[in-house]
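Visitor: I am new to this structure and would like to be taken through it. Please show it to me before I ask anything.

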Amino acid sequence: MPSPVVLAAAIEIVMPVLRPADRSGGWRRDGVPQEDALTRMLRVGAAQMGPIHKADSRQAVVGRMLGLLDRASERGCSLVVYPELALTTFFPRWYMTDQAEVDSWFEDEMPSAATRPLFERAARHRIGLSFGYAERTPEGRHFNTSILVDRHGAIVGKYRKVHLPGHAEFDPQRRFQHLEKRYFEPGDFGFPVWRTMGGILGMCICNDRRWPETYRVMGLQGVELIVLGYNTPSVNSQRSAEGPEQRLFHHRLSLQAGAYQNSTWVVAVAKAGVEDGHPLIAGSVIVGPDGAIVAESATEGDELIVADCNLDATVFGKQTIFDFGRHRRIEHYGRITSQTGIIPPPEAR
Ligand code: CDT
């Protein structure tokens, strides 16, 4: 029986140690692309963005995104994730009646002229991307959308936000407006996942992260890494006692539960800080498949946080406590898809 030291040396000869690439993309073994590496390690950058004001141009915003991308490249990232509605201010806080004004916040094509440099530079760095934007389709439909771009600059996935919070009409009772239900239709793609960058990746957007169904539908497709962006006001517009501390608590609680209960990585990226007088929480995080936070932002500005996400670390949970095939009891879950509101039991007589 060889000693553990001899065994370890032998293993190292057969399986060279994986090292981070100096530049342009994740972990490589002697130049072999990450997809072929022995451990599926994806180095992910969460590119938090500080405030974007109404007056800021798309070009100026993309300039900031390029700065974060270059930092991610220097740190060997393979994937960079940006916030929800990353190209503009969070415009649903503004009540608008003129459709031309509304449409000025939307993109008719992607890549657009303003975002093309981002796609090109990311492909040059061999970095995948995800970011959110307001999408207007050729038929004139409006969605709150995010995309997944592979390391060659090709769009491999599109997601349209399913859970739209807020309201459709001006609400004088609120401290400020949240008009997503006015400006967007609910997403019509469901929660797909994609095989890309060596793993199974999915997306959701902001309010989606608070709903367990979001994660579970992707979990049932074997998702290994979920990326999402958010714009979360620091104060509840209908209950001012609910401030940033509680908002951050609910944010982390939702993400950590979703990650753990589906044994998946979750990368959540804020647009943060004070946009034209309206504060948004920061707290961008990368959460591991056991529910622990492995990286968290420290500022409310443009900031890159990085973590090595071992996609194989999702296997243990998926094969044990959350082995869905063995343990789920779907005969008892009918209400999840057959009703929306609460149906309480009859009152006792
Ligand atoms: N952008 C977004 O979805 N924000 C919501 C705020 C909800 S308050 C109406 C969120 O869940 O963070």
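Visitor: How much space lies in the second largest pocket?

Guide: This is a predicted model, in which local features need pLDDT of at least 70, side-chain atom pairs count only at pLDDT 80 or more, and totals for chains, interfaces and linings use all residues. Residues are numbered from 1 along each chain as its sequence is written, and side-chain values use heavy atoms, with hydrogens and water left out. On a 1 Å grid over the protein atoms alone, a pocket is an open set of points with protein on both sides within 12 Å along at least five of seven lines, a cavity is a set where a 1.4 Å probe fits but cannot get out, and lining residues have an atom within 4 Å of a point. With volume taken as the space filled by probe spheres set on the points, the second largest pocket holds about 390 Å³.

Visitor: Which residues lie nearest the centre of the second largest pocket?

Guide: By class, its lining has four nonpolar, nine polar and seven charged residues. Of the 20 residues that line this pocket, those nearest its centre are P165, H178, N207, R210 and R247.

Visitor: Which helices each supply at least two residues of the lining of the largest pocket?

Guide: The largest pocket has about 640 Å³ of space and a lining of 24 residues, with P212, E213, R216, I336 and T337 nearest its centre. Helices here are DSSP runs of H or I with at least four residues, and strands are runs of E with at least two, numbered from the N terminus. The helices that each give at least two lining residues are α6, α7 and α10.

Visitor: Why do the buried residues of α6 line one face of the helix?

Guide: Buried means under 20% relative accessible area, exposed over 50% and partly exposed in between, with a 1.4 Å probe and protein chains only. In α6, residues 212-219, the buried ones are T214, Y215, M218 and G219. Seen down the helix axis, they line one face because they fall within an arc of 125°.

Visitor: Which residues lie nearest the centre of the largest cavity?

Guide: The largest cavity has a volume of about 60 Å³, and β5, β9 and β10 each supply at least two residues of its lining. Among the 14 lining residues, the ones nearest the centre are Y82, S130, S146, L228 and G229.

Visitor: What does G140 count as?

Guide: G140 sits in the loop between β5 and β6. Its relative accessibility is 34%, so G140 counts as partly exposed.

Note on methods
The arc is that of the directions from the helix axis to the C-beta atoms. Ala, Val, Leu, Ile, Met, Phe, Trp, Tyr, Cys and Pro count as nonpolar, Asp, Glu, Lys and Arg as charged, and the others, Gly among them, as polar.
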